[in-house]
Amino acid sequence: MSLYQKIRPVLFKLDPERAHSLVKAVLHKLPDIPFADDLLLKISGGYKSDKLKTDFYNPVGLAAGFDKDGEMTKALCALGFGFLELGTITKIPQAGNPKPRLFRHIDEQSLQNEMGFNNCGSKEFSLNIQKHYPFSIPIGVNIGKNKDVQIKDSLYNYEDALKDVLKVGDYYVFNLSSPNTPKLRDLQNEKFVKELFEMAKKHTKKPVFLKIAPDIEIDKMLKVCDSALSSGASGIVATNTTVDYTLVASPRNGGISGEVLKQKSLEILSELTKAFFGRGVIMSVGGISSARDVYERMQMGASLVQVYTAFIYEGPTLCSTINKELEIFLKADGFSNIGEAVGVALGKMKGKKKYEKFQEKDKKEDKEDKKKKGKKDKKEDKEESKEQKESSKSPATRARTTTRTRTARTTTTRRTTTRRASTKSTANKPAQ
Ligand SMILES: Cc1cc2nc3c(=O)[nH]c(=O)nc-3n(C[C@H](O)[C@H](O)[C@H](O)COP(=O)(O)O)c2cc1C
């Protein structure tokens, strides 16, 4: 029995939001404690795999809603996630809905929440992130609409929030699918989605995703996603929580997540990958709790997956357990890396051919990148030899030169990380 399994009954005796606040307080403080990262890595099993090494360390990310204000990010990086999606943030800080607004359905291994985008606002969020920037894994920022902003002004509200976080994300997600902001889901229409992604293109070249609800009619969902992809979206995050209250025995208010969402999330994924595999990155989320789930979603064509509710039920070792088992599945099926398994269930040859096509495209783009990097390296070498020459100068002059060189290197590293989150590199890039 893991440590978390032992303390879970105590945590679960608390009101769910109080338990979350307690965990938040611990994870917020941890980075200030010496060797805390090592401790966390130990707890999580310290997952790192060469075999699974796509451009992400591993394909299992943390879904939006857990770290809304970017206050636990540093500690969460050490728990074995391949990436983190933070937020939802909104332009103006919001208190969210009145409490209680988070409920457990323990028998169904599910949660229900009507949080209502409680968050510190995009400006403060950005400052929180910058305190620990850059991170060891890619960071996604999930953006929502303020409750008090009228539907007709939504585009500007999303735009203003996006502008505040342009420096701190490796990818962005427009959330039009929370059930807890009145009329938000009405924005899941082709016209608005087109305007939204065309607006985003003006501000960033980083990947931008659309997060959709599981309760939308399939035809409509496909049209909305098509509109997003045609207007510059890199992919789709599917899905948010459901408002199908028949799924749990004693429903409360708000969106339901976890085990009971699994079937719906799978159905949506299947439709999405049939329609868009190869055209956009699909991140699957909803009821994922095991390596078997992850493997199934990826074979169905998801390039990445996310977890939330299972993290609450299973605790900090969830990711390392999943990733270790995932490696066993890959080995048993003769895949040398996770990229090879993506989409194979869509039809073995079809998936394989598509995969090879992407590999060729990847190789071409890598060559171009290497060329560009070569030029950049030469420039940095020049700066370094200049730095050596300057070493005979005063210490203050030396410090200034070194800082400049370091900044140049950091920028290069950040760009590389950003590329990691890009459509082609996440979708099908094979292990190195
Ligand atoms: C307490 C809670 C808060 C959430 N907050 C957000 C949010 O702010 N933004 C968002 O896009 N999704 C939010 N979600 C939805 C999750 O990101 C995820 O899409 C959903 O829970 C399904 O995944 P799961 O079954 O693994 O939990 C929240 C979920 C929970 C349980």
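This is a predicted model: local features need pLDDT of at least 70, side-chain atom pairs count only at pLDDT 80 or more; totals for chains, interfaces and linings use all residues.
View 1. Strands β1 and β2 run parallel and are joined by 2 bridges, and Leu62 has Leu84 in β2 as its bridge partner.

**View 2. Ile143 in strand β5.** Ile143 belongs to strand β5, which spans residues 139-143. Because 30 other C-beta atoms lie within 10 Å, Ile143 is buried. Once its neighbours within four places in sequence are left aside, Ile143 is in contact with Gly87, Thr88, Ile89, Tyr158, Ala161, Leu162, Tyr172, Val173, Phe174 and Asn175. One of these contacts, Tyr158, is 15 residues away from Ile143 in sequence, with a C-alpha to C-alpha separation of 6.9 Å.

**View 3. Ile236 in the nonpolar core.** The largest nonpolar core contains 93 residues, and those with the most contacts inside it are Leu210 and Ile236. Leaving aside neighbours within four places in sequence, the contacts of Ile236 are Phe209, Leu210, Ile212, Cys225, Ala228, Leu272, Gly280 and Ile282. In soluble globular proteins, nonpolar side chains tend to be buried together.

**View 4. The shell around the ligand.** The ligand is surrounded by 28 residues, of which Ala63, Gly65, Ser257, Tyr308 and Thr309 are the closest. At least two residues of this shell are supplied by each of β2 (83-89), β4 (110-113), β9 (255-258) and α11 (309-314). By residue type, the shell divides into 12 nonpolar, 14 polar and 2 charged residues.

**View 5. Helix α10 and its cover.** Helix α10 spans residues 291-299, and its buried residues are Asp293, Val294, Tyr295, Arg297 and Met298. The elements that cover these buried residues include the strands β1 (60-62), β10 (281-285) and β11 (304-307), together with the helices α9 (262-276), α12 (318-332) and α13 (338-341). Just after α10, Gly301 adopts a positive phi of about 120°.

Note on methods:
Residues are numbered from 1 along each chain as its sequence is written. A residue is buried if 20 or more other C-beta atoms lie within 10 Å of its own, exposed if 12 or fewer, and partly exposed in between; C-beta atoms are placed from the backbone. Helices (H or I, at least four residues) and strands (E, at least two) are DSSP runs, numbered from the N terminus. Two residues are in contact if their C-beta atoms, placed from the backbone, lie within 7 Å. A residue is near a molecule or strand if its C-beta atom, placed from the backbone, lies within 6 Å of it. Ala, Val, Leu, Ile, Met, Phe, Trp, Tyr, Cys and Pro count as nonpolar, Asp, Glu, Lys and Arg as charged, and the others, Gly among them, as polar. A nonpolar core is a set of buried Ala, Val, Leu, Ile, Met, Phe, Trp, Tyr and Cys residues joined through C-beta atoms within 7 Å. Two strands pair if DSSP finds at least two bridges between them.
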